[in-house]
Amino acid sequence: MVDKIRLEGVSYSYERESVLKNINLRLQPSRFYGIVGPNGAGKSTLLKLMDAYLKPQQGIVFLNDRSLATYSLSDLAREIAMVPQHSHYFPFTVEEMVLLGRTPFYTRLGKPSEADLEIAKEVMEVTGIRHLAHRLVSDLSGGERQRATLARAFAQRTGVLLLDEPTTHLDLEYQINTCRLLKDRVEEGVTVVAVLHDLNLVASFCDHVFVLDKGNLITEGVPTKVFTPDLIEEVFHVSIARLHHPVSGRPIIVP
Amino acid sequence: MKLRKVSAIVILIVAVVLVATAVGSVHIPLMEVLGILTSKMPGLSAFVHRDWSKAREVIVLNVRLPRVLLALVVGGGLSVSGVLFQGSLRNPLADPFIIGVSAGASLGAATGLLFFIPQGLVGIGALPLFAFVGAMLATWTVSRLGKQRGRLEPTSLILAGVAVSAVLTAIVSLLMVLRIQNLQDVYIWLMGSLSGRGWQHLAVATPYVAIGVVLALWLAKDLNVYLLGEEAAHSLGIDVQRLQSLVLIIGSLVAAACVSVSGVIGFVGLMVPHALRLIVGAEHRRLILHSIWVGAVFLLVTDTLARTALSPTELPVGIITACVGGPFFIFLMKRGSGYYGR
């Protein structure tokens, strides 16, 4: 199978500070990938390299077996959607904001088509914000805004979805909801890559996890295999107990 | 905008223009203003019965009309420039002067008024040129200083703008202290006024404002996306750096053209876009279109008040824009729905 995204020998540094060192990884379609690691490990940078927001000083990022550098920005916008860690909220209505996700598909002076409006309705339905369509995003609660942001990214209808800490600042219900929504995209064939802090969420939802520490890819694999007490202690400097979920059998990590 | 809305706006503008041209220290009846104007329109002049004095025709055509039109152009221009700066810096406190346009224009104008014009080196007609060059030099300096790691960064830009403006304003004050002659001219210019402006000023400012408006509308869709933040905008296909530079250049050119003919008229470029955003929302195409006519009408009304309120004494229009705009702005803010960037 052709890799959706592939990084070959990718290194990145801000000024002189090396943030990522010689990263090699491959991402397949229809899989949910988690990226974990302590603060400053290079997780956000890795994500930004995958959508060409940052350009690697060494190595190549491939999308569909073609170097990311050869894509135009507007072509990339039809391939990869990004939910950044920090978003700004302005007095757009929810529907207007979701429709911004369709802007790569119509011309500069054009307007969203019927099909665009239909897609916006659909993703608002899926994310459970259809009833908020005409409310201002700036008036919504944190959880509702996050769903509007997700809906905006879903509206791009891309094969790759990158998310930088999509569950931070959300309560437990919204965290689970967000991950379920992402899982649904995966079922539809999308490659989902999310930076997550909650290892239990990773263990419950991700098919594959990358563990970063100090700019190095320490290990990767199925979360059940990867999250051993030794690894957690080595990377996060905390000792944990590993229990098993009584129903699913997935590991539960308890500090 | 719907056709009915557009016609209502056009009728409003025409009505305000007619009234503003009629009132003043010499009152000219509305019908006479209408007569004088139609007598100059090709094809319509035959239908007009001329029964006004030559003096009144001169007042309407050479004194009031160019000033009225200039108020529309400058008001619209400053508002659109304000939209561009608030959008590209994602800062509700940004105005057309935030990155040094006004301070640069002031220094340029002061240099002209204190050193060149009294000596007869150039005529008073060259004043807009001095102001324009000053404004562009200041903006260029600020945008160079506002770069971090080769990227334009809103916070550094704003800070650089504050610092450069402070230095330039201090130099203007120094010049005023050291060269007392022509002091009043400089002072009045600094307060901003449309007094005594004629067709040549209109000819200087209009092309820049017109081109600026067209380009602003061209970039409206990108500015909407940019409001989501740089990373999100990038992932939606926007070249963020290019957009920022373009918007700064266009916004500064429009602001510089306005300032160069009118002096520093505060508050319009800050308040009109900000207030409209609370009313019509953040979508830029709508925001720009509404900013043009609201800014234009607002400055025309306030300028008309400035020259009639204490007639025959003329007030600097900046005093009126602040007195009228301030309370209205506070009202909108307190009403509180959809406050910018919350």
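This briefing walks through cavities, helices, a sheet and a few loop residues in the structure above.

The model is predicted, so local features need pLDDT of at least 70 and side-chain atom pairs count only at pLDDT 80 or more, while totals for chains, interfaces and linings use all residues. Residues are numbered from 1 along each chain as its sequence is written, chains are lettered from A and ligands numbered from 1 in the order written, and side-chain values use heavy atoms, with hydrogens and water left out. Helices (H or I, at least four residues) and strands (E, at least two) are DSSP runs, numbered from the N terminus.

**Cavities**

- A cavity here is a set of points on a 1 Å grid over the protein atoms alone where a 1.4 Å probe fits but cannot get out.
- Lining residues have an atom within 4 Å of a point; for the largest cavity they are A:Asp51, A:Leu73, A:Leu76, A:Ala77, A:Ile80, B:His234 and B:Ser235.
- Helix 2 (73–77) of chain A gives the most to that lining, with three residues, and helix 10 (230–235) of chain B supplies at least two.
- The lining has four nonpolar, two polar and one charged residues, where Ala, Val, Leu, Ile, Met, Phe, Trp, Tyr, Cys and Pro count as nonpolar, Asp, Glu, Lys and Arg as charged, and the others, Gly among them, as polar.

**Helices of chain B**

- The expected span of a helix is 1.5 Å times one less than its number of residues.
- Helix 13 (284–308) has 25 residues and reaches 35 Å between its first and last C-alpha, close to the expected 36 Å.
- B:Glu283 caps the N-terminal end of helix 13, with a side-chain oxygen 3.2 Å from the backbone nitrogen of B:Arg285; a polar contact is a pair of N or O atoms within 3.5 Å, and within protein one must be able to donate a hydrogen and the other to accept it, with residues adjacent in sequence counting only if both atoms are side-chain atoms.
- Helix 11 has 23 residues, and its end C-alpha atoms are 33 Å apart, in agreement with the 33 Å it should span.
- Of those 23 residues, 18 are buried (under 20% relative accessible area; exposed is over 50%, partly exposed in between, with a 1.4 Å probe and protein chains only).

**The chain A sheet**

- Four strands form an open antiparallel sheet in the order 2-1-4-5.
- Strand 2 (17–27) and strand 5 (66–67) are the edge strands, each pairing on one side only.
- Two strands pair if DSSP finds at least two bridges between them; strand 1 (5–14) and strand 4 (58–63) have five.
- A:Leu7 stands opposite A:Val61 in strand 4.

**Loop residues**

- Most residues other than glycine have a negative phi.
- A:Glu165, in the loop between strand 7 (160–164) and helix 6 (172–187) of chain A, has a positive phi near 50 degrees and is buried at 14%.
- B:Phe267, between helix 11 (240–262) and helix 12 (268–280) of chain B, has a positive phi near 80 degrees and is partly exposed at 25%.
- B:Ser193, between helix 7 (183–191) and helix 8 (199–218) of chain B, is buried at 8%.
- A polar atom of the B:Ser193 side chain lies 2.9 Å from the backbone nitrogen of B:Ser195.

Note on methods. 1 Å grid on protein atoms, 1.4 Å probe; cavity = no way out; pocket = protein on both sides within 12 Å on 5 of 7 lines; lining within 4 Å.
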